[in-house]
Amino acid sequence: MPAMSSALPLTPTDRSVASPEEQLSRWLALLGVAGLFVLCLAWELWLAPTGRGTLAIKALPLLFPLVGLWRYRLYTFRWVSLMIWLYCGEGLVRATSEHGIGAWLAWGEVALSVLVFIACSLQVRQRLRAAKAAQ
């Protein structure tokens with residue numbers, strides 16, 4: 001029976017450590033999602049609530065990708081780059097329809113959404129390019 005140890009590397013490979021560019025895009029995505037979560041909660045509960053603050057529930061889906069982004073999972077970066085457009089769209093609608101602090105908060109939501117999209121897209125592109133170069 002052949003030994004299984006030859007199929008599984010026991011020492012870290014070059015791809016088990018992220019490059020500085022990958023680390024930057026990962027942290028930007030992680031901090032952007034966390035910042036968007038805090039902004040959505042503060043906006044709907046304290047700063048400029050609409051109604052009784054029930055719209056704060058929109059922040060809950062932002063908790064799901066935090067673990068995947070923290071654990072550096074490529075799949076999470078991919079679906080977050082698609083899901084984040086819901087927040088960007090909501091921010092654009094509210095930025096053009098509200099006045100005062102609500103409009104400013106909406107533009108902040110748009111800016112954070114675009115930041116998260118760019119960071120996630122960079123992460124996916126960098127990781128796929130590195131995987132292709134390793135072959």
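Q123 is buried, with a relative accessible area of 0%, where buried means under 20% relative accessible area as computed with a 1.4 Å probe on protein chains only. The model is predicted, so local features need pLDDT of at least 70 and side-chain atom pairs count only at pLDDT 80 or more, while totals for chains, interfaces and linings use all residues. Residues are numbered from 1 along each chain as its sequence is written, and side-chain values use heavy atoms, with hydrogens and water left out.

- Q123 lies in helix 4, helices being DSSP runs (H or I) of at least four residues, numbered from the N terminus.
- Not counting residues up to four places away in sequence, Q123 touches E22, S25, R26, Y72 and F77; contact means heavy atoms within 4.5 Å.
- S113 also has its place in helix 4 and is buried, at a relative accessible area of 0%.
- The side chain of S113 reaches the backbone oxygen of E109 at 2.7 Å, and a polar atom of that side chain lies 3.5 Å from the backbone nitrogen of C88.
- Beyond residues up to four places away in sequence, S113 touches L36, I84, Y87 and C88.

**Packing of helix 1 against helix 3**

- The axes of helix 1 (residues 20-47) and helix 3 (residues 74-97) come within 12 Å and cross at roughly 35 degrees; axes are lines fitted to C-alpha atoms over the stretch in contact, with angles from 0 to 180 degrees between N-to-C directions.
- Helix 1 passes helix 3 in a left-handed crossing, that is, the near helix is turned anticlockwise from the far one by less than a right angle.
- On the helix 1 side, R26, A29, V33, L36, C40, W43 and E44 meet F77, V80, I84, Y87 and R94 of helix 3.
- The residues of this contact divide into 9 nonpolar, no polar and 3 charged, with Ala, Val, Leu, Ile, Met, Phe, Trp, Tyr, Cys and Pro counted as nonpolar, Asp, Glu, Lys and Arg as charged, and the others, Gly among them, as polar.

**The largest nonpolar core**

- Of the 26 residues in the largest nonpolar core, L36, L62, F77 and Y87 touch the most other members; such a core is a set of buried Ala, Val, Leu, Ile, Met, Phe, Trp, Tyr and Cys residues joined through side-chain atoms within 4.5 Å.
- Helix 1, helix 3 and helix 4 (101-134) are the elements that give two or more residues to this core, and helix 1 gives the most, with 8 residues.
- Leaving aside neighbours within four places in sequence, L36 is in contact with L62, I84, Y87, E109, L112 and S113.

Terms used
Buried means under 20% relative accessible area, exposed over 50%, partly exposed in between (1.4 Å probe, protein chains only). A polar contact is a pair of N or O atoms within 3.5 Å; within protein, one must be able to donate a hydrogen and the other to accept it, and residues adjacent in sequence count only if both atoms are side-chain atoms.
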